[in-house]
Amino acid sequence: MTLRVKLFLAFTFVIFVCLLLAGAGFLWVLQHYQFQARAARIAELSRPVAVQGAVLERQGQSPAAIVDLIREDASELDIRVLILDASGTVVADTGREFEGRRLDLASGVRSAGAVWVEAWGHTFAVVPTVSVRPFRGVTSIVAVGIPNSSLRGGWLTLLPSLGLAGLGALGVSAGISWLLARSIAQPLAELTQAASRMAAGEFDQTVPVRGTRETVQLAEAFNQMSQQVSRSYRTLKNFLADVSHELRTPLTSVKGFAQALTEQAVTSPAEVAQVARIILEEADRMDRLVNDLLFLSRLEANQVPFNPEPVDLTELARTCLRRFEREDPGNLRFEFAADGSAEALVDPIRTEQVLTNLLKNAVQHTPVGGVVRVTVESGAYQQRPGVWVRVFNSGSFIPEAEREKIFQRFYHRNHHGLGLGLAISKEVVQAQGGIIQVDSDPQTGTEFAIWHPAPERSPAEEGKPKLLARRN
(Lines give C-alpha, C1' and ligand atoms only; values in the text may rest on other atoms or scores of the structure.)
Protein backbone atom coordinates (compact mmCIF):
# COMPACT_ATOMS: atom_id res chain seq x y z
CA MET A 1 0.00 0.00 0.00
CA THR A 2 1.45 3.33 -1.05
CA LEU A 3 1.90 6.31 1.26
CA ARG A 4 -0.69 8.26 -0.71
CA VAL A 5 -3.34 5.57 -0.16
CA LYS A 6 -2.46 5.27 3.53
CA LEU A 7 -2.75 9.03 4.00
CA PHE A 8 -6.04 9.07 2.08
CA LEU A 9 -7.53 6.29 4.22
CA ALA A 10 -6.26 7.89 7.43
CA PHE A 11 -7.67 11.32 6.54
CA THR A 12 -10.99 9.81 5.43
CA PHE A 13 -11.30 7.76 8.63
CA VAL A 14 -10.59 10.79 10.80
CA ILE A 15 -13.15 12.84 8.90
CA PHE A 16 -15.71 10.01 9.15
CA VAL A 17 -15.23 9.79 12.92
CA CYS A 18 -15.52 13.57 13.24
CA LEU A 19 -18.71 13.59 11.16
CA LEU A 20 -20.10 10.70 13.22
CA LEU A 21 -19.40 12.47 16.50
CA ALA A 22 -20.73 15.78 15.18
CA GLY A 23 -23.88 14.06 13.91
CA ALA A 24 -24.44 12.25 17.20
CA GLY A 25 -24.05 15.49 19.11
CA PHE A 26 -26.39 17.27 16.74
CA LEU A 27 -29.03 14.54 17.07
CA TRP A 28 -28.78 14.63 20.86
CA VAL A 29 -29.32 18.38 20.86
CA LEU A 30 -32.11 18.05 18.31
CA GLN A 31 -33.84 15.32 20.34
CA HIS A 32 -33.69 17.43 23.47
CA TYR A 33 -34.98 20.45 21.58
CA GLN A 34 -37.88 18.52 20.01
CA PHE A 35 -38.79 17.02 23.37
CA GLN A 36 -38.95 20.47 24.90
CA ALA A 37 -40.93 21.80 21.94
CA ARG A 38 -43.54 19.02 22.03
CA ALA A 39 -43.80 19.22 25.79
CA ALA A 40 -44.46 22.93 25.48
CA ARG A 41 -47.13 22.16 22.89
CA ILE A 42 -48.84 19.76 25.32
CA ALA A 43 -48.69 22.41 28.02
CA GLU A 44 -50.27 24.95 25.67
CA LEU A 45 -53.07 22.49 24.69
CA SER A 46 -53.78 21.30 28.20
CA ARG A 47 -55.06 24.68 29.36
CA PRO A 48 -57.86 25.14 26.73
CA VAL A 49 -58.79 21.45 27.02
CA ALA A 50 -59.14 21.85 30.78
CA VAL A 51 -61.20 25.01 30.30
CA GLN A 52 -63.42 23.24 27.76
CA GLY A 53 -63.87 20.31 30.17
CA ALA A 54 -64.81 22.67 32.99
CA VAL A 55 -67.40 24.38 30.80
CA LEU A 56 -68.94 21.07 29.75
CA GLU A 57 -68.88 19.88 33.32
CA ARG A 58 -70.86 22.96 34.48
CA GLN A 59 -73.34 22.25 31.72
CA GLY A 60 -73.98 18.92 33.40
CA GLN A 61 -72.09 16.70 30.98
CA SER A 62 -70.70 13.45 32.35
CA PRO A 63 -66.97 12.64 32.01
CA ALA A 64 -67.74 10.05 29.32
CA ALA A 65 -69.82 12.60 27.36
CA ILE A 66 -67.07 15.20 27.69
CA VAL A 67 -64.54 12.73 26.34
CA ASP A 68 -66.82 11.83 23.43
CA LEU A 69 -67.19 15.50 22.52
CA ILE A 70 -63.44 16.21 22.46
CA ARG A 71 -62.29 12.82 21.07
CA GLU A 72 -62.29 13.99 17.46
CA ASP A 73 -60.36 17.15 18.27
CA ALA A 74 -57.84 15.14 20.33
CA SER A 75 -57.33 12.73 17.44
CA GLU A 76 -56.63 15.59 15.03
CA LEU A 77 -54.17 17.15 17.48
CA ASP A 78 -52.50 13.76 18.09
CA ILE A 79 -53.03 13.96 21.86
CA ARG A 80 -54.73 11.84 24.50
CA VAL A 81 -57.16 13.33 27.03
CA LEU A 82 -57.98 11.77 30.41
CA ILE A 83 -60.53 12.90 32.96
CA LEU A 84 -59.57 12.04 36.52
CA ASP A 85 -61.35 12.26 39.79
CA ALA A 86 -59.79 13.87 42.85
CA SER A 87 -57.89 10.67 43.71
CA GLY A 88 -56.32 10.45 40.24
CA THR A 89 -58.41 7.56 38.98
CA VAL A 90 -59.17 7.72 35.24
CA VAL A 91 -62.93 8.02 34.81
CA ALA A 92 -62.86 8.71 31.07
CA ASP A 93 -60.22 8.26 28.31
CA THR A 94 -60.35 9.36 24.68
CA GLY A 95 -58.55 6.12 23.89
CA ARG A 96 -60.72 4.04 26.28
CA GLU A 97 -57.60 2.13 27.34
CA PHE A 98 -56.71 3.62 30.71
CA GLU A 99 -60.19 3.94 32.22
CA GLY A 100 -60.26 2.70 35.79
CA ARG A 101 -56.51 3.02 36.26
CA ARG A 102 -55.06 5.40 38.78
CA LEU A 103 -52.54 8.10 37.84
CA ASP A 104 -50.08 8.83 40.64
CA LEU A 105 -50.30 12.60 40.85
CA ALA A 106 -47.93 12.73 43.83
CA SER A 107 -45.04 11.54 41.65
CA GLY A 108 -45.48 14.35 39.17
CA VAL A 109 -43.32 17.43 38.69
CA ARG A 110 -44.96 20.87 38.68
CA SER A 111 -43.88 23.07 35.76
CA ALA A 112 -45.56 25.74 33.57
CA GLY A 113 -48.86 25.62 35.53
CA ALA A 114 -49.28 21.86 35.23
CA VAL A 115 -48.15 18.66 36.88
CA TRP A 116 -46.12 16.40 34.60
CA VAL A 117 -46.63 12.70 35.17
CA GLU A 118 -45.12 9.84 33.14
CA ALA A 119 -47.20 6.63 33.09
CA TRP A 120 -48.25 3.82 30.76
CA GLY A 121 -45.76 4.89 28.04
CA HIS A 122 -47.17 8.44 27.95
CA THR A 123 -46.27 11.81 29.36
CA PHE A 124 -49.30 13.73 30.75
CA ALA A 125 -49.82 17.38 31.61
CA VAL A 126 -52.37 17.32 34.45
CA VAL A 127 -54.49 20.46 34.94
CA PRO A 128 -57.51 20.92 37.28
CA THR A 129 -60.71 21.86 35.46
CA VAL A 130 -61.86 24.28 38.16
CA SER A 131 -58.76 25.81 39.70
CA VAL A 132 -55.05 25.86 39.18
CA ARG A 133 -54.57 25.57 42.90
CA PRO A 134 -53.70 22.22 44.49
CA PHE A 135 -56.14 19.46 43.67
CA ARG A 136 -57.92 19.32 47.04
CA GLY A 137 -61.61 20.02 46.67
CA VAL A 138 -61.55 19.78 42.89
CA THR A 139 -64.27 17.56 41.47
CA SER A 140 -62.46 16.52 38.27
CA ILE A 141 -59.03 16.84 36.63
CA VAL A 142 -58.01 16.85 32.97
CA ALA A 143 -54.77 15.16 31.83
CA VAL A 144 -53.48 15.78 28.31
CA GLY A 145 -50.77 13.36 27.16
CA ILE A 146 -48.77 12.09 24.22
CA PRO A 147 -46.93 8.76 23.76
CA ASN A 148 -43.30 8.84 24.78
CA SER A 149 -42.34 7.18 21.50
CA SER A 150 -43.84 10.09 19.62
CA LEU A 151 -42.47 12.64 22.06
CA ARG A 152 -38.88 11.36 21.98
CA GLY A 153 -38.70 9.82 18.55
CA GLY A 154 -39.68 12.74 16.36
CA TRP A 155 -36.05 13.34 15.49
CA LEU A 156 -35.88 9.90 13.84
CA THR A 157 -37.73 11.31 10.84
CA LEU A 158 -34.65 13.47 10.16
CA LEU A 159 -32.25 10.53 10.01
CA PRO A 160 -32.57 9.91 6.23
CA SER A 161 -31.90 13.56 5.44
CA LEU A 162 -29.04 13.69 7.91
CA GLY A 163 -27.63 10.45 6.46
CA LEU A 164 -27.66 11.85 2.91
CA ALA A 165 -26.05 15.07 4.10
CA GLY A 166 -23.40 13.05 5.95
CA LEU A 167 -22.65 10.92 2.89
CA GLY A 168 -22.32 14.03 0.75
CA ALA A 169 -20.01 15.66 3.27
CA LEU A 170 -17.99 12.45 3.49
CA GLY A 171 -17.65 12.31 -0.31
CA VAL A 172 -16.47 15.91 -0.52
CA SER A 173 -14.10 15.34 2.40
CA ALA A 174 -12.72 12.20 0.73
CA GLY A 175 -11.92 14.23 -2.39
CA ILE A 176 -10.18 16.86 -0.32
CA SER A 177 -8.34 14.11 1.57
CA TRP A 178 -7.10 12.64 -1.70
CA LEU A 179 -5.80 16.01 -2.85
CA LEU A 180 -4.16 16.61 0.53
CA ALA A 181 -2.59 13.14 0.56
CA ARG A 182 -1.33 13.73 -2.96
CA SER A 183 0.21 17.08 -2.01
CA ILE A 184 2.14 15.35 0.77
CA ALA A 185 3.07 12.14 -1.05
CA GLN A 186 3.93 13.65 -4.45
CA PRO A 187 7.10 15.48 -3.28
CA LEU A 188 8.21 12.34 -1.45
CA ALA A 189 7.61 10.26 -4.59
CA GLU A 190 9.67 12.73 -6.64
CA LEU A 191 12.37 12.60 -3.97
CA THR A 192 12.38 8.80 -4.09
CA GLN A 193 12.69 8.79 -7.88
CA ALA A 194 15.56 11.29 -7.75
CA ALA A 195 17.32 9.18 -5.09
CA SER A 196 16.91 6.10 -7.29
CA ARG A 197 18.49 7.93 -10.23
CA MET A 198 21.36 8.99 -7.99
CA ALA A 199 21.83 5.37 -6.93
CA ALA A 200 22.04 4.51 -10.63
CA GLY A 201 24.92 6.96 -11.11
CA GLU A 202 23.06 10.12 -12.21
CA PHE A 203 24.31 12.36 -9.40
CA ASP A 204 23.19 15.73 -10.75
CA GLN A 205 19.57 15.61 -9.53
CA THR A 206 17.21 18.29 -8.26
CA VAL A 207 13.63 18.05 -7.00
CA PRO A 208 11.00 20.82 -6.95
CA VAL A 209 10.92 22.78 -3.71
CA ARG A 210 7.24 22.96 -2.72
CA GLY A 211 4.74 21.73 -0.18
CA THR A 212 4.75 22.10 3.57
CA ARG A 213 7.63 23.62 5.50
CA GLU A 214 9.04 20.20 6.39
CA THR A 215 8.76 19.02 2.77
CA VAL A 216 10.44 22.21 1.55
CA GLN A 217 13.28 21.73 4.04
CA LEU A 218 13.68 18.10 2.95
CA ALA A 219 13.74 19.07 -0.75
CA GLU A 220 16.30 21.83 -0.11
CA ALA A 221 18.48 19.45 1.91
CA PHE A 222 18.26 16.83 -0.84
CA ASN A 223 19.20 19.36 -3.54
CA GLN A 224 22.18 20.52 -1.48
CA MET A 225 23.23 16.92 -0.92
CA SER A 226 22.84 16.19 -4.63
CA GLN A 227 24.98 19.18 -5.55
CA GLN A 228 27.63 18.18 -3.02
CA VAL A 229 27.67 14.56 -4.21
CA SER A 230 27.85 15.70 -7.83
CA ARG A 231 30.65 18.12 -6.98
CA SER A 232 32.51 15.43 -5.04
CA TYR A 233 32.13 13.01 -7.94
CA ARG A 234 33.48 15.57 -10.41
CA THR A 235 36.30 16.38 -8.00
CA LEU A 236 37.14 12.70 -7.72
CA LYS A 237 37.20 12.32 -11.50
CA ASN A 238 39.36 15.42 -11.85
CA PHE A 239 41.58 14.20 -9.02
CA LEU A 240 42.17 10.87 -10.73
CA ALA A 241 42.83 12.63 -14.03
CA ASP A 242 45.23 15.09 -12.37
CA VAL A 243 47.09 12.36 -10.48
CA SER A 244 47.41 10.36 -13.67
CA HIS A 245 48.72 13.43 -15.47
CA GLU A 246 51.15 14.35 -12.71
CA LEU A 247 52.53 10.84 -12.42
CA ARG A 248 52.73 10.21 -16.14
CA THR A 249 55.70 12.55 -16.73
CA PRO A 250 58.01 11.26 -13.98
CA LEU A 251 57.04 7.66 -14.66
CA THR A 252 57.80 8.13 -18.35
CA SER A 253 61.19 9.61 -17.49
CA VAL A 254 61.99 6.85 -15.03
CA LYS A 255 60.88 4.17 -17.45
CA GLY A 256 62.79 5.69 -20.37
CA PHE A 257 66.06 6.18 -18.56
CA ALA A 258 65.78 2.78 -16.85
CA GLN A 259 65.28 1.21 -20.28
CA ALA A 260 68.33 3.10 -21.53
CA LEU A 261 70.38 1.66 -18.72
CA THR A 262 68.98 -1.83 -19.34
CA GLU A 263 69.72 -1.70 -23.05
CA GLN A 264 73.16 -0.15 -22.32
CA ALA A 265 72.33 2.85 -24.47
CA VAL A 266 74.54 4.86 -22.11
CA THR A 267 77.90 3.36 -21.27
CA SER A 268 80.22 6.05 -19.96
CA PRO A 269 80.33 6.58 -16.18
CA ALA A 270 79.34 10.21 -16.56
CA GLU A 271 76.27 9.37 -18.64
CA VAL A 272 75.26 6.57 -16.28
CA ALA A 273 75.61 8.93 -13.29
CA GLN A 274 73.53 11.57 -15.05
CA VAL A 275 70.79 9.05 -15.92
CA ALA A 276 70.77 7.72 -12.35
CA ARG A 277 70.52 11.29 -11.02
CA ILE A 278 67.51 11.99 -13.27
CA ILE A 279 65.81 8.77 -12.16
CA LEU A 280 66.41 9.73 -8.52
CA GLU A 281 65.03 13.24 -9.04
CA GLU A 282 61.88 11.91 -10.73
CA ALA A 283 61.46 9.31 -7.97
CA ASP A 284 61.79 12.10 -5.37
CA ARG A 285 59.19 14.10 -7.26
CA MET A 286 56.76 11.19 -7.22
CA ASP A 287 57.49 10.60 -3.55
CA ARG A 288 56.70 14.24 -2.70
CA LEU A 289 53.55 14.08 -4.79
CA VAL A 290 52.31 10.93 -3.08
CA ASN A 291 53.18 12.24 0.39
CA ASP A 292 51.45 15.56 -0.28
CA LEU A 293 48.37 13.78 -1.61
CA LEU A 294 48.22 11.52 1.41
CA PHE A 295 48.68 14.47 3.76
CA LEU A 296 45.99 16.50 1.97
CA SER A 297 43.59 13.57 2.07
CA ARG A 298 44.20 13.15 5.81
CA LEU A 299 43.60 16.87 6.29
CA GLU A 300 40.30 16.75 4.46
CA ALA A 301 39.28 13.68 6.49
CA ASN A 302 40.23 15.44 9.79
CA GLN A 303 42.81 12.76 10.53
CA VAL A 304 45.82 15.06 11.01
CA PRO A 305 46.48 15.78 14.72
CA PHE A 306 46.98 19.41 15.72
CA ASN A 307 48.64 20.55 18.94
CA PRO A 308 47.73 24.22 19.32
CA GLU A 309 49.68 26.36 21.75
CA PRO A 310 50.52 30.06 22.13
CA VAL A 311 53.15 30.74 19.45
CA ASP A 312 54.97 33.98 18.70
CA LEU A 313 54.22 34.29 14.97
CA THR A 314 56.67 37.21 14.70
CA GLU A 315 59.62 35.01 15.59
CA LEU A 316 58.28 32.06 13.56
CA ALA A 317 57.78 34.17 10.43
CA ARG A 318 61.23 35.82 10.85
CA THR A 319 62.87 32.37 11.11
CA CYS A 320 61.17 31.10 7.95
CA LEU A 321 62.09 34.25 6.00
CA ARG A 322 65.76 34.04 7.05
CA ARG A 323 65.92 30.48 5.74
CA PHE A 324 64.90 31.60 2.23
CA GLU A 325 67.14 34.64 2.49
CA ARG A 326 70.16 32.43 3.14
CA GLU A 327 69.31 30.20 0.16
CA ASP A 328 68.82 33.10 -2.24
CA PRO A 329 71.88 33.86 -4.42
CA GLY A 330 71.19 37.60 -4.23
CA ASN A 331 68.49 37.93 -6.89
CA LEU A 332 65.75 39.13 -4.48
CA ARG A 333 65.37 41.63 -1.66
CA PHE A 334 63.80 40.30 1.56
CA GLU A 335 62.01 42.57 4.04
CA PHE A 336 60.41 41.95 7.39
CA ALA A 337 58.12 44.16 9.50
CA ALA A 338 56.44 43.46 12.84
CA ASP A 339 55.08 45.28 15.89
CA GLY A 340 56.87 43.27 18.53
CA SER A 341 55.69 39.82 19.52
CA ALA A 342 52.32 38.62 18.30
CA GLU A 343 51.04 35.41 19.83
CA ALA A 344 48.45 33.16 18.20
CA LEU A 345 46.98 29.82 19.20
CA VAL A 346 48.39 27.48 16.52
CA ASP A 347 50.33 24.29 15.97
CA PRO A 348 53.88 25.60 15.39
CA ILE A 349 54.93 22.76 13.08
CA ARG A 350 51.86 23.02 10.81
CA THR A 351 51.99 26.82 10.79
CA GLU A 352 55.67 26.76 9.83
CA GLN A 353 54.70 24.43 6.97
CA VAL A 354 52.12 26.99 5.76
CA LEU A 355 54.57 29.91 5.97
CA THR A 356 57.17 27.86 4.11
CA ASN A 357 54.69 27.09 1.33
CA LEU A 358 53.68 30.75 1.02
CA LEU A 359 57.29 31.96 0.98
CA LYS A 360 58.29 29.28 -1.53
CA ASN A 361 55.39 30.32 -3.73
CA ALA A 362 56.37 34.00 -3.42
CA VAL A 363 60.04 33.35 -4.24
CA GLN A 364 59.12 31.30 -7.32
CA HIS A 365 56.93 34.08 -8.74
CA THR A 366 59.16 37.06 -7.97
CA PRO A 367 61.33 38.28 -10.85
CA VAL A 368 65.03 39.11 -10.38
CA GLY A 369 65.39 42.32 -8.36
CA GLY A 370 61.95 41.99 -6.86
CA VAL A 371 60.86 42.14 -3.24
CA VAL A 372 59.56 39.46 -0.89
CA ARG A 373 58.13 41.02 2.25
CA VAL A 374 56.67 39.47 5.39
CA THR A 375 54.52 41.55 7.75
CA VAL A 376 53.22 40.42 11.13
CA GLU A 377 50.66 42.48 13.05
CA SER A 378 47.98 42.01 15.65
CA GLY A 379 44.51 42.45 14.24
CA ALA A 380 40.93 41.33 14.64
CA TYR A 381 38.77 39.32 12.27
CA GLN A 382 35.01 39.52 12.77
CA GLN A 383 35.63 41.19 16.16
CA ARG A 384 37.87 38.33 17.30
CA PRO A 385 41.43 39.24 18.36
CA GLY A 386 44.21 37.51 16.48
CA VAL A 387 47.34 37.88 14.36
CA TRP A 388 47.74 38.64 10.65
CA VAL A 389 50.78 37.35 8.76
CA ARG A 390 51.11 38.77 5.25
CA VAL A 391 53.50 37.43 2.58
CA PHE A 392 53.98 39.85 -0.33
CA ASN A 393 55.96 39.47 -3.52
CA SER A 394 56.34 42.01 -6.30
CA GLY A 395 56.14 41.42 -10.01
CA SER A 396 53.33 38.84 -10.11
CA PHE A 397 49.62 39.14 -10.70
CA ILE A 398 46.75 36.70 -10.20
CA PRO A 399 43.56 37.57 -12.12
CA GLU A 400 40.45 37.73 -9.98
CA ALA A 401 38.91 34.78 -11.82
CA GLU A 402 41.83 32.56 -10.73
CA ARG A 403 42.08 33.62 -7.07
CA GLU A 404 39.78 30.84 -5.89
CA LYS A 405 41.26 28.25 -8.22
CA ILE A 406 44.79 28.63 -6.86
CA PHE A 407 43.70 26.88 -3.65
CA GLN A 408 42.54 23.85 -5.61
CA ARG A 409 44.79 20.82 -5.86
CA PHE A 410 46.98 20.51 -8.97
CA TYR A 411 46.31 24.09 -10.04
CA HIS A 412 49.55 25.49 -11.50
CA ARG A 413 50.58 29.10 -11.85
CA ASN A 414 53.08 29.18 -14.69
CA HIS A 415 53.60 25.40 -14.16
CA HIS A 416 55.68 25.79 -10.98
CA GLY A 417 55.58 22.95 -8.44
CA LEU A 418 53.01 20.21 -8.00
CA GLY A 419 50.01 22.48 -7.41
CA LEU A 420 49.36 21.15 -3.89
CA GLY A 421 51.09 23.67 -1.63
CA LEU A 422 48.30 26.26 -1.50
CA ALA A 423 45.62 23.59 -1.19
CA ILE A 424 47.46 22.12 1.82
CA SER A 425 48.02 25.59 3.29
CA LYS A 426 44.34 26.45 3.11
CA GLU A 427 43.31 23.19 4.78
CA VAL A 428 45.89 23.61 7.58
CA VAL A 429 44.87 27.23 8.28
CA GLN A 430 41.15 26.47 8.32
CA ALA A 431 41.64 23.38 10.49
CA GLN A 432 43.17 25.67 13.15
CA GLY A 433 40.27 28.13 13.05
CA GLY A 434 42.03 30.65 10.83
CA ILE A 435 41.48 32.11 7.37
CA ILE A 436 43.65 32.62 4.32
CA GLN A 437 43.15 35.36 1.75
CA VAL A 438 44.85 36.56 -1.42
CA ASP A 439 45.02 40.00 -2.99
CA SER A 440 46.77 40.83 -6.23
CA ASP A 441 47.42 43.98 -8.19
CA PRO A 442 49.11 44.17 -11.60
CA GLN A 443 51.09 47.28 -10.58
CA THR A 444 52.40 46.18 -7.20
CA GLY A 445 52.20 42.41 -6.83
CA THR A 446 50.51 39.65 -4.89
CA GLU A 447 49.91 39.28 -1.16
CA PHE A 448 48.78 36.22 0.75
CA ALA A 449 47.42 36.87 4.26
CA ILE A 450 46.66 34.35 6.98
CA TRP A 451 44.90 35.09 10.26
CA HIS A 452 44.91 33.02 13.42
CA PRO A 453 43.02 33.67 16.67
CA ALA A 454 44.94 34.91 19.69
CA PRO A 455 45.11 32.71 22.81
CA GLU A 456 42.61 33.52 25.54
CA ARG A 457 44.15 35.42 28.45
CA SER A 458 43.08 35.99 32.03
CA PRO A 459 42.37 39.59 33.16
CA ALA A 460 45.63 39.62 35.10
CA GLU A 461 47.64 38.67 32.02
CA GLU A 462 45.87 41.25 29.86
CA GLY A 463 46.87 43.98 32.29
CA LYS A 464 50.60 43.36 31.82
CA PRO A 465 52.39 45.74 29.41
CA LYS A 466 53.67 44.29 26.16
CA LEU A 467 57.19 44.87 24.85
CA LEU A 468 57.14 46.42 21.39
CA ALA A 469 59.97 46.10 18.92
CA ARG A 470 60.83 48.67 16.30
CA ARG A 471 59.73 48.07 12.75
CA ASN A 472 62.67 46.82 10.70
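This is a predicted model: local features need pLDDT of at least 70, side-chain atom pairs count only at pLDDT 80 or more; totals for chains, interfaces and linings use all residues.
Residues are numbered from 1 along each chain as its sequence is written, and side-chain values use heavy atoms, with hydrogens and water left out.

**Exercise 1.** Describe how helix H7 and helix H8 are placed, and list their contact.

Solution. Start with the helices: helices (H or I, at least four residues) and strands (E, at least two) are DSSP runs, numbered from the N terminus. H7 covers residues 313–327 and H8 covers residues 348–364. Next take their axes, which are lines fitted to C-alpha atoms, for helices over the stretch in contact, with angles from 0 to 180 degrees between N-to-C directions. These axes come within 10 Å and cross at roughly 45°. Angles under 35 degrees count as roughly parallel, over 145 as roughly antiparallel, 65 to 115 as roughly perpendicular and the rest as oblique. H7 and H8 are therefore oblique to each other. In contact (heavy atoms within 4.5 Å) are Leu-313, Leu-316, Ala-317, Cys-320, Leu-321, Arg-323 and Phe-324 of H7 with Pro-348, Thr-351, Glu-352, Leu-355, Thr-356, Leu-359, Lys-360 and Val-363 of H8. By class, 10 of these residues are nonpolar, two polar and three charged (Ala, Val, Leu, Ile, Met, Phe, Trp, Tyr, Cys and Pro count as nonpolar, Asp, Glu, Lys and Arg as charged, and the others, Gly among them, as polar).

**Exercise 2.** Find the angle and handedness for H6 and H9, and state which residues meet.

Solution. The axes of H6 (residues 269–300) and H9 (residues 421–431) come within 10 Å and cross at roughly 30°. The two helices are therefore roughly parallel to each other. H6 passes H9 in a left-handed crossing. From H6, Asp-292, Phe-295, Leu-296, Leu-299 and Glu-300 meet Ala-423, Ile-424, Glu-427 and Val-428 of H9. The contact holds six nonpolar, no polar and three charged residues.

**Exercise 3.** State the volume of the largest cavity and which helix gives the largest share of its lining.

Solution. On a 1 Å grid over the protein atoms alone, a cavity is a set of points where a 1.4 Å probe fits but cannot get out, and lining residues have an atom within 4 Å of a point. The largest cavity has a volume of about 50 Å³ (the space filled by probe spheres set on the points, with grid points joined across faces, edges and corners). H4 gives the largest share of the lining, four residues. The lining has seven nonpolar, one polar and one charged residues.

Definitions and conventions
On a 1 Å grid over the protein atoms alone, a cavity is a set of points where a 1.4 Å probe fits but cannot get out, and a pocket is an open set with protein on both sides within 12 Å along at least five of seven lines; lining residues have an atom within 4 Å of a point. A crossing is left-handed if the near helix is turned anticlockwise from the far one by less than a right angle, and right-handed if clockwise.
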